[in-house]
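The sequence and structure are shown first.

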Amino acid sequence: MKAYKNFIGGRWISSNSKETFDSLDPATEVSIGKFQDSNGLDVELAVEAAEKSFQEWSDFPAPKRAEFLFRIRDLLIENKERLARLEVKEMGKVYKEALGDVQEAIDIFEYMAGEGRRLFGFTTPSELKNKFCATIRRPIGIVALITPWNFPIAIPSWKLAPALICGNSVILKPSSDTPLCAIELVKILNEAGIPKGVVNLITGSGNTVGTSLVTHQKIHAVSFTGSVETGKFITKNAGLKKIGLELGGKNAIIIMEDANLELALEGVLWGAFGTTGQRCTAASRIIIHETVAKKFENMLINSTKKLRLGSGLSKTTDIGPLINRKAVEKSDYYTNLGLKEGAKLLIGGKPLSSKGFFYQPTIFTNVNHNMRIAQEEIFGPVLSIIKIKNIDEAIEVCNNIKQGLSSSIYTENMQYAFKAINKIDSGITYINSSTIGAEVHLPFGGVKETGNGTREAGWTGIEEFSEIKTIYLDYSDKLQKAQGITD
Ligand code: NAD
C-alpha cells in the first residue's frame, strides 16, 4: 500500500509522528493509500517554510503571479479526467459530477488569474485641497486553508486560487476522508512552478493539525469550510486572526401552486439526491403548496424508485455511496428519528446490505417544520416534505432554521419570486432552479449559522484573502488637518 507524504517547503516528507491513516474508497471500503497522521511539529515546519517564501512571493507583481495560475488551469484541463476518476474512487460521487468538481477548479484558477490584472482598490476625493486618497490591496501573510471532503478538488481550489493571486503563502489541511485528491492537486501546483514553501500541505486530524493551525501565532488568517460545530470552535480559538467560515445549511425548495411541476421535479431530484445529498447547498426540505402536494409526491416517488445506486464509475449509477460508515449511521439515525417524530416515510429509509457506504434515497412527508429532521443538517439522501397554504407561510417556514445558505422557489408568479428574493434569509436564492450549482464568478456563502459574513469566489474571494491599506498623499506642502481643524 502506497504511503503518501506531506508537502512542506517544496519537498515531500514524512510526519514527525511516524503514524499514518488510511483513506477508503466509499464504494468498496478498500483502502486507497496511507497518509501522514501529522502533528504540531509538522505544522511548525510548514509555518517556517511559508514564512520564508512569503517575501519573494508577495513581491512578485500580481500579473506575474497570475501566470502561475494560468499554468495551473492548463494542467488541470490536461488532467481533468484522471482527477475526476480519482475523486470518484476517494469521495464516491458519480463521474459526471466529479468532472464538474474539477471544472470548478479550472474555472476558479482562470477567474483568479484574471484578477491578477485587477486586484482593484478605490480612489475617492479628499475633503482637503491638494490631497489624494486611495486604497490598495496587500496580502494577509500566512493563511491556513482547512477543507472538507465533499468537493475535494474544487473547495481547496476556491481557497488556493484567491489566496495565491493576493500574494499569500498557504498551508492546506484537507479532510482525512479525501487526502489524495488534495495531494494530486498540490502536485499540479508544484508542476506549474509555484515557488517552494508558498504552498504547503499537511494531512492529519482536525483535532491535532487543524487545532495547531487555528491557534498558531504566526498564522494570520484561517479560511475554513466545514460543519457549523467546527466553525464555532475556530471562532473561539483563532484569536484575532482573519477568519472566513463557510458552514452548513438546511436548504429548502419552495414549490408554489402555479409551479411547473415537471421542472420542479428535476430540480428536487438533483438538489436532494445529487452528490448523495452531501452538498452544503443540497435541498433537504421541500416546502410545497398543499393543493399540488399529493400530485408532486406521486411524481417524486415514481422518479425516485428509478434511481440506481452504485459505484460512481459505473455509467448506470445515479447515486453514489455516502462518504463513510458514520454518514450511513447518521442518515439512518435521522430516518428513525423522523418515524418517531411522526413523519410519514414515503420511500427508502435503509442502508444497503452490500459492501460500501450506500443509503437508499429517503423521502418523508407530513413533516412539521419544527421536527428535528426538518431542522438539522443530515448530509445524506434524506428529504422532508412540508405543506404550506400560501407564499408568506412558505417563506416563514423556509426561514425557520438556524442556517441560511441556499434556497429556491418554483413559481411563474413575479410577486412570489420577488418576495422570495427579498424575504428569504439565505446567501443564495434560485428562481425556477434547484438549490445547487454555484458559478465561480459570483459570491458564495450564507447568513445566520452558515458563516461569519465572508463570501467565497467571485470578487468577494479577493476580499477574503487580502487586506486593504488606505493611502493619503498630501502634496499641499503644508500640514493640513482633517475635520476642519485650522490651527
Ligand atoms: P468538518 O467540520 O468535520 O471538517 C472540515 C475540516 O475541518 C476537516 O479538514 C477537518 O479535519 C477539520 N477539522 C475538524 N475539527 C477541527 C478543529 N477542531 N480545528 C480545525 N480543523 C478541524 O466538516 P466535514 O464533515 O468535513 O464537511 C461537511 C460539512 O461541511 C457540512 O456541514 C457541510 O454543509 C459543510 N460544507 C459547507 C460548505 C460551504 O461552502 N458553506 C461547502 C461544503 C461543505
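## Composition of the ligand shell

Sorted by class, the shell around the ligand holds 13 nonpolar, 11 polar and 3 charged residues, where Ala, Val, Leu, Ile, Met, Phe, Trp, Tyr, Cys and Pro count as nonpolar, Asp, Glu, Lys and Arg as charged, and the others, Gly among them, as polar. The model is predicted, with local features requiring pLDDT of at least 70 and side-chain atom pairs pLDDT 80 or more, whereas totals for chains, interfaces and linings use all residues. Residues are numbered from 1 along each chain as its sequence is written, and side-chain values use heavy atoms, with hydrogens and water left out.

Of the 27 residues around the ligand, those that come nearest are Thr147, Ser227, Thr230, Leu247 and Glu377; a residue is near when one of its heavy atoms lies within 4 Å of the molecule. Helix H7 (206-215), strand S10 (221-225) and helix H8 (228-237) each supply at least two shell residues, and the largest share, 4 residues, comes from H7. These elements are DSSP runs numbered from the N terminus, with helices (H or I) of at least four residues and strands (E) of at least two.

## Polar contacts and burial

Polar contacts here are pairs of N or O atoms within 3.5 Å. A polar side-chain atom of Glu377 lies 2.6 Å from a ligand oxygen atom, and one of Thr230 lies 2.7 Å from an oxygen atom of the ligand. The ligand taken alone exposes 850 Å², of which the protein buries 87%, with areas from the Shrake-Rupley method and a 1.4 Å probe.

## Salt bridges

The count comes to 22 salt bridges, each a side-chain nitrogen of Lys or Arg within 4 Å of a carboxyl oxygen of Asp or Glu. Asp25 forms one with Lys89, their closest N and O atoms being 3.3 Å apart. This pair links distant parts of the chain, 64 residues apart, with Asp25 in the loop between strand S3 (20-24) and strand S4 (31-36) and Lys89 in helix H3 (residues 80-91).

Conventions:
Polar contact = N/O pair within 3.5 Å; in protein donor to acceptor, adjacent residues only side chain to side chain.
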